[in-house]
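Student: Could we go through this model together, one question at a time?
Tutor: Gladly! Have a look at it, and then ask away.

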Amino acid sequence: MPNAFDPITIGPLTLPNRVAMAPLARRRAYGDGLSATPLMAEYYRQRATAGLIVAEAAQPSRVGQGYTDTPGLHDTAQAASWRQVTDAVHDAGGRIYAQLMHAGRNSHPELLGGGLHPLAPSACAAEGVVRVHGGEPAVRKPYPIPQALTLQGIADTIADFADAAANAIDAGFDGVELHGAYGYLIQQFLSGNANRRTDRYGGSVAGRVRFPLDLVDAVAARIGAERLALRISPGCTAFGLEEPDLHELYPTLVDGLPRGLAYLHVFEFPGHRDLTVKLREHWAGVFMLNPHETHHDWPAGPRQLRLVDDGLADILSFGTLFISNPDLVHRLRLGAPLAAADETTFYRGDHRGYTDYPCFEEVLS
């Protein structure tokens, strides 16, 4: 069996190792119009020894934004700004995918601006509060009741994702990962309580998996399935989601995906190792895992390297430890000490830090 430091092929890429950097929301898109910056380019360049970097989530449309200072990939200026990031990673010998995330109902009109209102499968508000601007003091407001997407709205949203994926490729990314995890729009369609639709995009398991499958098909048609991946988090209850039938739901979703995708990325929630094993059996392609068999496995670290040896995963993704250890692959290979990921490692480079506003991905990756 291979180990975590052996090469592997995903689509047209050969990765030098099987240690991937998981996407981590950094909220540093201080450039004009939520564009990428030189700070972001340096951050990713420092981590280019990862087998693959999956960049922080970028919204595929204005209405897809869910946090302050998160980058976009929905206009030409934003796409052009990412070129400095992809060039820096490639010049350092690395490989990098973009991640596209639509927040869906997890947003607010004051954050979106321009008269926009959050969109979702159904008019059901998320649990919790959202920061609505990047200044101080922080202002947080409850999530509002979103507008339910019409069938035309669903088609438009899928088109937005496809356009943003094409922008990512034009910006030099090696591929695109769709964010179907953590309670955002894709998982809202999968959910049993956030999706209360009675049309073909709701109701039964077959209906609730239709949006992600249609989305994957559309983006694959645009950029090629071999440069496309999907991330999922079965059993995630973020923002009040419920998935009572997840042992039927996720195998159905996985069975419907194109076999030619670059990889399937599973963020494992504690207590669901049996489902992880089942999805591994259902997926014949490259299986990337962000492992957390129990609550004590946070963050994922050296003890999980055996999962490649055991055959549960082809690639392991690590999040938190990549923040505090840019040279994580080298340290893991040598068995060297790792810098602890304390609260100071989460700061974004200014006075608005992690302790003031936790980013879900940073805590859970």
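Student: Leaving aside neighbours within four places in sequence, which residues is F161 in contact with?
Tutor: First, a word on what you see: this is a predicted model, in which local features need pLDDT of at least 70, side-chain atom pairs count only at pLDDT 80 or more, and totals for chains, interfaces and linings use all residues. Residues are numbered from 1 along each chain as its sequence is written, and side-chain values use heavy atoms, with hydrogens and water left out. Contact means heavy atoms within 4.5 Å. With neighbours up to four places away set aside, the partners of F161 are P60, L100, H102, L178, L215 and V219.

Student: How far apart in space are F161 and P60, C-alpha to C-alpha?
Tutor: F161 belongs to helix α4, residues 151-170; helices (H or I, at least four residues) and strands (E, at least two) are DSSP runs, numbered from the N terminus. Along the sequence, F161 and P60 are 101 residues apart. In space, their C-alpha separation is 5.4 Å.

Student: Is F161 buried or exposed?
Tutor: Buried means under 20% relative accessible area, exposed over 50%, and partly exposed in between, with a 1.4 Å probe and protein chains only. F161 has a relative accessible area of 1%, so the class for F161 is buried.

Student: Which residues does D214 touch, not counting those up to four places away in sequence?
Tutor: You will find D214 in helix α7. Its relative accessible area is 27%, so D214 is partly exposed. With the near neighbours in sequence left out, D214 touches I158 and Y201.

Student: Is P244 buried or exposed?
Tutor: Look in the loop between β11 (228-232) and α8 (246-256), where P244 sits. Its relative accessibility is 71%, so P244 is exposed.

Student: What is the C-alpha distance between P244 and N167?
Tutor: The two residues are 77 positions apart in sequence. From C-alpha to C-alpha, P244 and N167 are separated by 36 Å.

Student: Which elements do the buried residues of α8 pack against?
Tutor: Start with the residues themselves: in α8, L246, L249, Y250, P251, L253 and V254 are buried. Those buried residues pack against α5 (185-190), α6 (205-208), α7 (210-223), β11, β12 and α9.

Student: What is the phi of R27?
Tutor: Most residues other than glycine have a negative phi. R27 is in the loop between β3 (19-21) and α1 (38-45), and R27 is buried because its relative accessible area is 1%. Its phi is positive, near 55°.

Student: And what about F239, what is its phi?
Tutor: F239 lies in the loop between β11 and α8. With a relative accessible area of 14%, F239 is buried. F239 is not a glycine, yet its phi is positive, at about 60°.

Student: How many cavities of 30 Å³ or more are there?
Tutor: On a 1 Å grid over the protein atoms alone, a cavity is a set of points where a 1.4 Å probe fits but cannot get out, and lining residues have an atom within 4 Å of a point. Grid points are joined across faces, edges and corners, and a volume is the space filled by probe spheres set on the points. The number of cavities of 30 Å³ or more is two.

Student: Which residues lie nearest the centre of the largest cavity?
Tutor: The largest cavity has a volume of about 80 Å³. Strand β4 (residues 52-58) gives the most to its lining, with three residues. Of the 14 lining residues, those nearest the centre are A25, A57, Y67, T70 and M101.

Student: Which element gives the most to the lining of the second largest cavity?
Tutor: The second largest cavity holds about 40 Å³ of space, and its lining residues include P234, F269 and L279. At least two lining residues come from each of β12 (263-267) and α9 (273-282). With three residues, the element that gives the most is α9.

Student: To finish, what is the radius of gyration of the chain?
Tutor: The radius of gyration is taken over C-alpha atoms, and the globule rule is 2.2 Å times the number of residues to the power 0.38. For 365 residues, a compact globule would come near 21 Å; the chain agrees with this, at 19 Å.

Notes
1 Å grid on protein atoms, 1.4 Å probe; cavity = no way out; pocket = protein on both sides within 12 Å on 5 of 7 lines; lining within 4 Å.
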